Amino acid sequence: MWAASCLASCCAACACDACRTVVSSISRRSARIAYCGLFALSLIVSWILREVAAPLLEKIPWITQFNQTHNREWFETDAVLRVSLGNFLFFTILAVMMVGVKSQKDPRDSLHHGGWMMKIISWCLLVIFMFFIPNEIVSFYETISKFGSGFFLLVQVVLLLDFVHGWNDKWVGYDEQFWYIALFVVSLVCYLATFVFSGLLFHWFTPSGHDCGLNTFFIVTTLICVFLFLIVALHPAVNGSILPASVISMYCTYLCYSALASEPREYECNGLHKHSKAVSTGTLTLGLLTTVLSVVYSAVRAGSSTTLLSPPSSPRAGAGKPLLPLDKADEHEEKEKAKPVSYSYSFFHIIFSLASMYSAMLLTGWTTSVGESGKLVDVGWPSVWVRIVTSWATAGLFIWSLLAPILFPEREF
């Protein structure tokens, strides 16, 4: 017994030392990666509790105090929402604390890049505390998460548009034949992929013998948008390029597929319904990994994007200059601290807050009534319409990005 206690103490001490080593190795450059890792950890915890926490939640009095009896899926969804709420509050608090940070000399800059042991402990305490709050708060969070998730998807669309236009401008700016040929080849590949993929959508999601008018409407609408992109981009007044049009066309086609694949497995027009019994842990792992990569990319890109938020102004010259001269080492350190921050810390954390809402909606099927699709990630009619509306919003924003400079020539876009 004494030996076991000593062994447990040694293991705990080793674990603490390992945590301290990892935390101390996080530098200024790797801080964003650490935040991404913490967010990924929240998704893993949500997924694990979604699978195993239902029997435990059923025994907690303040969670089981409701007028009607809920099934197992309700408790699984509740666990995901509570972890998501803790994650949301953690990043929202950081976002509020980082408002107005413009220079690395600001003390809050050190808080953003350091203090990781304190942050991890605070994150754990917030998540644990969420399991002691009443159901009404969690229900309210679920409602606002739908709106926050929609805004996060809109941010993803804006980032994509910024990326494709920047990509096109960079290659055109080289003004060499090789890069023009590269533009044509990439655009051709994207259009071929778009039309081949559209044919597969008709094959998978409009099976013969069934009335699949809704799926046909979704696919045809996407193809109309594809041709509309090309017509507007090649119009002489627009003087656009086919590269952004081809990439956005392929993305809209992917969103259409994602929407159709999210239809309930029992729906007769869903070509994947025959494989509903074959959904395995590996498939869920792949879906979760895709979600993590998408969310992390959006958060990192949006946090440093100048298209969504203007870059912070540089500190005033001579501000905070010491009365006594410094030696070269101190002067160099002072200059390093006086540098303006490279991205908005506050906006960076806001994106993670919205991503917390979005990931919760993915893991719960955008509703607590997950039904027979409760074991699948991002499946259900709410998810279908979210994807389709996102596709239409992408089409609208892309066309607006082409027409806005013509309609408002005096403004800079």
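Aspartate 106 counts as buried because its relative accessibility is 18%, where buried means under 20% relative accessible area, exposed over 50% and partly exposed in between, with a 1.4 Å probe and protein chains only. Its side chain meets that of arginine 108 in a salt bridge, a term that stands for a side-chain nitrogen of Lys or Arg within 4 Å of a carboxyl oxygen of Asp or Glu. Arginine 108 is partly exposed, with a relative accessible area of 26%.

| Arginine 82 | Aspartate 78 | 2.6 Å |

The model is predicted, so local features need pLDDT of at least 70 and side-chain atom pairs count only at pLDDT 80 or more, whereas totals for chains, interfaces and linings use all residues. Residues are numbered from 1 along each chain as its sequence is written, and side-chain values use heavy atoms, with hydrogens and water left out.

Aspartate 78 and arginine 82 both lie in helix α5, four residues apart, or about one turn of the helix, and both are buried. Arginine 82, at a relative accessible area of 0%, also has a polar side-chain atom 3.0 Å from the backbone oxygen of isoleucine 133. Lysine 146 and glutamate 142 are likewise four residues apart, in helix α8 (residues 135-174); lysine 146 is partly exposed at 34%, while glutamate 142 is buried at 12%.

Asparagine 270 lies in the loop between α11 (242-261) and α12 (281-303) and is buried, with 0% relative accessibility. Its side chain reaches the backbone oxygen of glutamate 263 at 2.9 Å, and the C-alpha atoms of asparagine 270 and phenylalanine 205 are 5.2 Å apart, although 65 residues separate them in sequence.

On the surface, Ile181, Phe184, Val185, Leu188, Val189 and Leu192 form a nonpolar patch with about 560 Å² of accessible area together. Leucine 192 belongs to helix α9 (residues 177-205).

The protein averages a pLDDT (the predictor's confidence in each residue, from 0 to 100) of 77, and 71% of the residues score at least 70. Where pLDDT is low, the predicted coordinates should not be read in detail.

Note on methods
Patches are made of residues with over 30% relative accessible area and no salt bridge: like charges are joined within 9 Å, nonpolar side chains (Val, Leu, Ile, Met, Phe, Trp, Tyr) within 5 Å. Accessible areas come from the Shrake-Rupley method with a 1.4 Å probe; for residues, only the protein chains shown count as cover. Helices (H or I, at least four residues) and strands (E, at least two) are DSSP runs, numbered from the N terminus. A polar contact is a pair of N or O atoms within 3.5 Å; within protein, one must be able to donate a hydrogen and the other to accept it, and residues adjacent in sequence count only if both atoms are side-chain atoms.
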